Amino acid sequence: MKNIDHLLENNRRWSEQIRAQNPSFFADLSGQQSPKYLWIGCSDSRVSANTIVGLDPGEIFVHRNVANLVLHTDMNCLSVIQFALEVLNVEHIIVCGHYGCGGVRAAMEPRRHGLIDNWLRQIQDTANLHSAILDGIQNEGEKFDRLCELNVIEQVLNVCETTIVMDAWNRGQELTVHGWIYDLKDGLVRDRGISVDRELRMHELRDRFLPTSKRSARFKAL
Ligand code: CO
């Protein structure tokens, strides 16, 4: 059996370093956490929430899955959002996608990848919804980048459209949902300028990005 003792050794060293800087760090944290941020990001090993934004343990609540998707039937993600909002009272939800996302790439490919194709299905819906934008881009790399960005926008809207977030806004809770995209090539986050802090802004965001032809169909039931 191959062991991974070096990880345990890393852990011991890390714990010692933290306690050397602040002897009560773990004792203080073990009482309770009070993060201000919920991070919803990709499982990609290169996109680590705490590292990218330079936050310590206890400062950011994290949910990650392949391609940073927020599906309304995903009890795991919805439970994280509810806990973050109603118990931890986070003030910001950050949806952080990234360029070069393998999940987004897989969703664009015509071949099968197995079970995960079902998970990634929504990205194809996003591509169909925004086909007018994507079809106008000839360069495949640019098209891929644009779909990574559109996926973030759709997931921001999905977060906003949950009953949990709508209820929070209705009762006057301070909450802003942000859409970021991380570039693996330079380690920098781009804020897409699509922050939403109330229901009205959510509709404005939808209006800004949803093609007019598809908007009426989507909101016909409202
Ligand atoms: Co990814």
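1. In what order do the 5 strands of the open sheet lie? The order is 2-1-3-4-5, and the pairing is mixed. Strands pair if DSSP finds at least two bridges between them. The edges are strand 2 (60-65) and strand 5 (188-191), each of which pairs on one side only. From one strand to the next the twist averages 25 degrees (axes are lines fitted to C-alpha atoms, and angles run from 0 to 180 degrees between N-to-C directions).

2. This is a predicted model, in which local features need pLDDT of at least 70 and side-chain atom pairs count only at pLDDT 80 or more, while totals for chains, interfaces and linings use all residues. Residues are numbered from 1 along each chain as its sequence is written.

3. The protein chain has 11 helices and 5 strands. Both are DSSP runs numbered from the N terminus: helices are H or I with at least four residues, strands E with at least two.

4. Strand 3 (residues 92-98) and strand 4 (residues 176-183) run parallel and are joined by 7 bridges. Within strand 4, G179 stands opposite V95.

5. V95 is also one of the residues that touch the most other members of the largest nonpolar core, which has 46 residues. Such a core is a set of buried Ala, Val, Leu, Ile, Met, Phe, Trp, Tyr and Cys residues joined through C-beta atoms within 7 Å; buried means that 20 or more other C-beta atoms lie within 10 Å of a residue's own, with C-beta atoms placed from the backbone. Helix 8 (residues 140-160) supplies the largest share of this core, 9 residues.

Technical notes
A residue is buried if 20 or more other C-beta atoms lie within 10 Å of its own, exposed if 12 or fewer, and partly exposed in between; C-beta atoms are placed from the backbone.
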